[in-house]
Amino acid sequence: MADYSKIIGEIRQAFRTGKTKTYQWRKEQLIQLYKLLEESSKEIEDALFKDLHKHRIEAIIFEIALVKNDLANAIDNLSEWMKPEKPPKNLLVAMDTLMIQPEPFGVSLVIGAWNYPIQLTLLPLVGAIAAGNCCVIKPSELAHNIAILLEKLINKYMDNECIRVVNGGVQETTALLKERFDQIFYTGNNVVAKIVMEAAAKHLTPVVLELGGKSPVYVDKGVDMLTVAKRLMWGKTCNSGQTCIAPDYVMCTAEVQNELIEKIKMVIDQFYDGNAATSECYGRIINDRHFQRVKSMLKSGVIVIGGDIKEDERFISPTVIKDVKPTDTVMQSEIFGPVLPIMPVINEDQAIDYINDGEKPLAMYVFSNNNKIVDKFLQQTSSGGVTVNDTVIHAGVMTLPFGGVGHSGTGSYHGKFSFDAFSHKRSVLKRTLAMDFINAVRYPPYTDRKFSVINFLTGKKPKRTGILSYLPFLPLVLFGAFLAFIYKNVGLEAFTNKLKPLIGKKE
């Protein structure tokens, strides 16, 4: 095992040189990462097929193109993102400079996931680089071919003084977590997330946790059921269901259940030419342990579609189980596989109650033409994200933050939100040492007169509505104009000498 203390010490020294804080370094590294994906696309596609039987087009859309688009956005907007924000002022700081300066945390640790090993490892890296951090990358050892390839490509294309890959399994990850980082970004499951949080807590290290959960689907009556089936099963069967925001289970009335099952049968046949086992478009379970876990869930309810398995290939066909009960095994944990249980409910209210009785999911999906029902789910539930009348799509929109809440995660990223996730917002106030007579009201000895001045300068009340809402600002405007006039026409020294006796006078 490598000497991680030495590695991280070297990276920290590189960060302290300040080079990662420059616009030039950040942009160069983002361009290099884009070049890595552009020039190595075929190698990445091949490795993804070996690890997950992921089709080339699925690999490009969900992994390579998604990261390239995020990179292009970061490169185009980096200079704007790096600019300090200018917050509004009150009268007390009217003559001062206020800004919120985004600054890098320092040395970040990114622990990637195996199900989308390029996307879920490199998307956080985009944010880390854009924000000016150094980064240690720990790819998932379960996607072995991608992990080895990533180490080779990062070493070839990126600045290895500041960006390194550490490969290995549980032992290596455990050793890494004993080191002190300035931020940890983890994508994976709740069990490991608790270990990451515990390790981070020893150093009070901030964390971003991208987890998962049982993302529910509600299907209302009166919808185009064929379209629902297509969008539902596309989200469910991509990557053989091994997606953190895949539809986990469906709730609908018994009548809707029967119609939906009929349409799902048609859709699966269309997607995979009647045989998912021989289709190049259909993936495989990552390893034997996960295969056995998903297989055990087939004992719940009544299988009405699929249920076919090939252990030597780690193949499980797209499977639909009807009449599932809350107590069934398949409803006790996130499925993370191509098994879709349908649990009949009386109405949307029962569905909402069931969702609220569980942990907050990473995603939620509602298929309905009734805006009142949609609004019920939006107002009465909580989840990381929601897509109405489709699945998964919201995760590909870089102007939306992607992240969980509660057990499904903390923090969010994608697009500008990735830059923010890897940045500390530093409050800065600059003022001159001149005109200190104005500050005399805050110095002891305290008097009622001084307090009245402070209250006038800093006091705030709830806004009024209508034309009266502008009246409180009139004295401030007049006072500001008066100060500007005096300062310009009387002079600073004369103005100061006249005010000193008034402000300093004791009652």
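The model is predicted: local features need pLDDT of at least 70, side-chain atom pairs count only at pLDDT 80 or more, and totals for chains, interfaces and linings use all residues. Residues are numbered from 1 along each chain as its sequence is written, and side-chain values use heavy atoms, leaving out hydrogens and water.

**Sheet**
- Seven strands form an open sheet with mixed pairing, in the order E9-E12-E13-E8-E7-E14-E15.
- Strands (E, at least two residues) and helices (H or I, at least four) are DSSP runs, numbered from the N terminus.
- Two strands pair if DSSP finds at least two bridges between them.
- E9 (302–305) and E15 are the edge strands; each has a single partner, so one side of each lacks a neighbour in the sheet.
- From one strand to the next, the twist averages 25 degrees.
- E7 (216–219) and E14 (363–367) pair in the parallel sense over 3 bridges.
- Val-217 stands opposite Tyr-365 in E14.

**Helices on the sheet**
- Contact means heavy atoms within 4.5 Å.
- Angles run from 0 to 180 degrees between N-to-C directions, with axes fitted to C-alpha atoms, for helices over the stretch in contact.
- H9 (225–237) packs on the sheet and touches E7, E8 (249–252), E13 (339–344) and E14. The direction of H9 makes about 135 degrees with that of E13.
- H13 (371–380) lies across E7, E14 and E15, at about 165 degrees to E14.

- Ile-393 is found in the loop between E15 (385–388) and E16 (402–403).
- Ile-393 is partly exposed, at 41% relative accessible area (between 20% for buried and 50% for exposed; 1.4 Å probe, protein chains only).
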